[in-house]
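I wanted to know how the inside of this protein is packed. These are my notes from going through it.

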Amino acid sequence: MTEKSSNPHDRLFLRHPTSRMKPVKRPIVVQLFRTFPEYFKTIQSAARYCQNIYVPKSKKWMYPLSGKAGSTFMLNLLYEMEFGHPFTAQLKTSANQHSGFAIFQLANAGVFSRLIDLDIGLEEFQSLAATRIATVRNPYTRALSSFKYLCRSHVAGDQRFFSERARLSALTSFDWNLDPNTELGFYLFLKYVFAIQQLNDPVLVDAHWLPLVDHIQPEILKPTLVGKVEHFSAFAKDVAKHLGKSLDENRYEALPKNTLNNNILHYIHVYVFKHF
């Protein structure tokens, strides 16, 4: 269990010194953009990168969110490692279909922080003695998971993905009455993602199908631990051990995680390899 402090300022981000400064003007963003132009074509892409890296007040770890690559699982695990108990608060909103959406609001609540909200520059970021954690996933299963997630957003009427659904239709003639969860629909989705990626601006690519290398930027983050979604059981133990914590096997089983069944694997191998 984590030792609790009586002073919330010791454990939470109740105020951010740079919160009134525009994201594109914050020191870490400006310095990343100027130092790594090969990775950030626009200053907005550097800002997005910094917005997606989560850090606790202890600065013991940092983790870049990676769409459809285990972010829900990792944030729940890291919350438990940081505070010594499971995250149980709930949040329901019509704007997002994700049943675990609440965990992604912890930076807004001041429980965690985003890198962009820390009053630090590039040199201090790179020198932080934090465990730098990254998660990756088989690109085929990630692509299909993203497609199925987008299809569910249509059924749920998820406002968050409306622009993506509309653009997918406009660029590929995707028919939302006929094509969701079909082989043709998956093909059109991949065609759409490829077209958007060719614009060469990560800000225009939704996080759920942004290449993982753009989420992580390994040359900048320099991950200490890299976990595969397919092997999260072992990775969770590695994270706990690295952070000097213990993880009960029963607690691991209770953490939200991605599942992958044989039908999905068959779908991927038959369809993707057949057409690509």
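I started with burial: buried means under 20% relative accessible area, exposed means over 50%, and partly exposed is in between, with a 1.4 Å probe and protein chains only. This is a predicted model, where local features need pLDDT of at least 70, side-chain atom pairs count only at pLDDT 80 or more, and totals for chains, interfaces and linings use all residues. Residues are numbered from 1 along each chain as its sequence is written, and side-chain values use heavy atoms, with hydrogens and water left out.

**Entry 1: Ser153**

I looked up Ser153 and found a relative accessible area of 0%, so Ser153 is buried. Ser153 sits in helix 5; helices (H or I, at least four residues) and strands (E, at least two) are DSSP runs, numbered from the N terminus. What does Ser153 touch, leaving aside neighbours within four places in sequence? I got Gln97, Asp158, Phe161 and Arg165, taking contact as heavy atoms within 4.5 Å.

**Entry 2: aromatic rings**

Phe161 sent me on to the rings. I counted rings of Phe, Tyr and Trp (its six-membered ring) as paired if their centres lie within 6.5 Å, calling planes under 30 degrees apart stacked, over 60 edge-to-face and the rest tilted. The whole structure has 16 aromatic pairs. Phe161 and Trp209 form a tilted pair, because their ring centres are 6.0 Å apart and their planes are at 40°. Phe161 is in the loop between helix 5 (139-156) and helix 6 (162-172), and Trp209 is in the loop between helix 7 (183-197) and helix 8, so this pair ties together parts 48 residues apart in sequence. Both Phe161 and Trp209 are buried.

Which kind of pair do Phe189 and Trp209 make? With centres 5.2 Å apart and planes at 90°, Phe189 and Trp209 are edge-to-face. This pair also links distant parts of the chain, since Phe189 is in helix 7 and Trp209 in the loop between helix 7 and helix 8, 20 residues apart. Phe189 counts as buried at 1% relative accessibility, and Trp209 does at 6%. I noted that Phe161, Phe189 and Trp209 belong to a cluster linked by ring pairs, which also includes Phe147 and Trp176.

**Entry 3: nonpolar cores**

Next I checked the cores: a nonpolar core is a set of buried Ala, Val, Leu, Ile, Met, Phe, Trp, Tyr and Cys residues joined through side-chain atoms within 4.5 Å. The largest has 32 residues, with Met74 and Val239 making the most contacts inside it. Strand 2 (61-64), helix 3 (71-83) and helix 10 (232-242) each give two or more residues to this core, and helix 3 has the largest share with 8. Not counting residues up to four places away, Met74 touches Tyr63, Ile133, Thr135, Phe232, Phe235 and Val239. A second, separate core has 27 residues, among them Phe13 and Phe36.

**Entry 4: cavities**

A cavity is a set of points on a 1 Å grid over the protein atoms alone where a 1.4 Å probe fits but cannot get out, and lining residues have an atom within 4 Å of a point. How many cavities of 30 Å³ or more does the structure hold? I found 2. The largest has a volume of about 110 Å³, and of its 13 lining residues, those closest to the centre include Ser45, Tyr49 and Asp214. Helix 2 gives the most to that lining, with 3 residues. The second largest cavity has about 40 Å³ of space and is lined by Lys60, Met81, Glu82, Leu243 and Lys245.

Terms used: On a 1 Å grid over the protein atoms alone, a cavity is a set of points where a 1.4 Å probe fits but cannot get out, and a pocket is an open set with protein on both sides within 12 Å along at least five of seven lines; lining residues have an atom within 4 Å of a point. Grid points are joined across faces, edges and corners, and a volume is the space filled by probe spheres set on the points.
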